[in-house]
Amino acid sequence: MVKTADVVVIGGGVVGCSTAYNLAKLGAGKVVVVEKKYLASGATGRCGAGMRLQWGTETNCLLAKESLRMLAHLPEMLNVDINIEFHQNGYLLPAYTKSMVEQFKKNLVLQKKLGIKSQWLSAEECLDVVPFMNIKGVLGATFCKEDGHCNPFKVTEAYATAARNLGVEIYTDTEVLDVKTQNGQIVVVKTTNGDIATNTVVNAAGGYAKNVGRMVGLELPIFPERHEILVTEPVEPLLGPMVMSFHHNLYCQQSPHGSFIMGIGHPNEPESFNTQSSWQFLCDMAERVVEILPPLAKLNVIRQWAGLYDMSPDRTPIMGNTPELKHFFTAAGFSGHGFMLSPISGQLMAEMVLGNTTTFPIQMFDVGRFERGELFAEPLVV
Amino acid sequence: MDNNAENTIICRCEDITLADIHRRIAKGEHSLEEIKRSCRCGMGPCQGRNCTPLIAKELATATGKSIAEVTLPTFRPPTAAIKMGSLLGVKKDG
């Protein structure tokens, strides 16, 4: 293991790997990624693999738009021969209540202003997109055909491969035990495989970001929350877009591979590192998804699992440092959409770490926003 | 890569050949969890009941470990594939 590094990135998920690649590309010197298990073993590899432009805050819309633009030609951009299974079949977001309709129409105005080609569909028009959908109770929907899917393992592998090609060292099965500071400066990252002397750390530890923050005395308002998910056997193409219902708190998408991936958010899920699967979820999921998409009753569920959302209080990522410790950067709190925002987030983090002008203004994403009361309050999270 | 390896199917659910597995191992993927995620072997309808022991043996050979030292991937529910339709109404009954 290396003894010194210019930057140590903690966390080998997609955000950590994207940040490491961008750091190396911008000439940050020796960049090291330390991962407790293996690449994409946390939230990245457990996520629903969707990507969408349909968000309710300007910041999330812009981050998503730029990320999608990058994902569309990621292997070429990174110069790697890896198929990331990029597909754009859209996201359909049905509305079931008047307040939901109002919110969605507001979103459309915002999205249109930002050049996102989302549109309003009547309940009947939803059937043009998903012919077998049960439109009972549907008051209309928003649809954006540019939304879609990517394989999280492959996107992570693409960034990790490109990072290694630029000299980044990635240590898997290596856990960070402590980050030591001296006179307000980071001096060393202690791991299960030895110490790395460094002055700069990027905390991309997802659901564990709070624990890493505490190593340097920083209390990050990021908490882990279990989200369960399942997959069916692969079948012939049947469902075009991701169907995401905030009323049922569910999302369901057929991947290009043919399997259906779906999950629900539980409103009372407590803060914990629990990633156990439950039979309650399995039954709940079947009940809700078959109600909206009846033909799915015939599909075989073959596997269920769970992962941790790294939730922040306003469901918007925390990206930045603090005045007390200028070289400790956090890139976490993505609240269930870190995968789809990872391409631009990694670039912005690298620019910030190097003190460059960032492509987008991101100083308002710092953790200090919670004390200042300058929140973003993303309404559209399952 | 020899023809036998290219023609030997290790994972029948996802059509993964022995040569595919050798390539993943050569890339530095030295655990079943990593190989599973990179090529979907063990993620199909049989949930690895056919391929997992075979890949474990390949990993053991390549890394010089005994098979007992190759960590198995997490076994996930449901144990056997189950139709969504069969799960309906469970909550109301119970």
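Along its sequence, chain B of this predicted model runs α-β-β-α-α-α-β-α. Five helices and three strands make up that chain; helices (H or I, at least four residues) and strands (E, at least two) are DSSP runs, numbered from the N terminus. Chain B is more spread out than a compact globule, because its radius of gyration is 16 Å, well over the 12 Å that the globule rule gives for 94 residues. This radius is taken over C-alpha atoms, and the rule is 2.2 Å times the number of residues to the power 0.38. Along the principal axes, the C-alpha atoms of chain B fill a box of roughly 55 × 30 × 20 Å.

Of the 94 residues of chain B, 32% are buried, a term that requires 20 or more other C-beta atoms within 10 Å of the residue's own, with C-beta atoms placed from the backbone. Residues at least 24 apart account for 46% of the chain B contacts between residues at least 6 apart in sequence. A contact requires C-beta atoms, placed from the backbone, within 7 Å.

Chain A is assigned domain 1 (7–48 + 153–222 + 314–372) and domain 2 (88–146 + 223–310). These bounds come from an automatic or database domain assignment. The C-alpha centres of the two domains of chain A lie 30 Å apart. In chain A, 15 residues of domain 1 contact 14 residues of domain 2. On the domain 1 side, α2 (43–46) and α8 (209–215) of chain A each supply at least two residues.

Residues are numbered from 1 along each chain as its sequence is written, and chains are lettered from A in the order in which they are written. In this predicted model, local features need pLDDT of at least 70 and side-chain atom pairs count only at pLDDT 80 or more, whereas totals for chains, interfaces and linings use all residues.

How values were computed
Buried ≥ 20, exposed ≤ 12 C-beta atoms within 10 Å, placed from the backbone. Contact = placed C-beta atoms within 7 Å.
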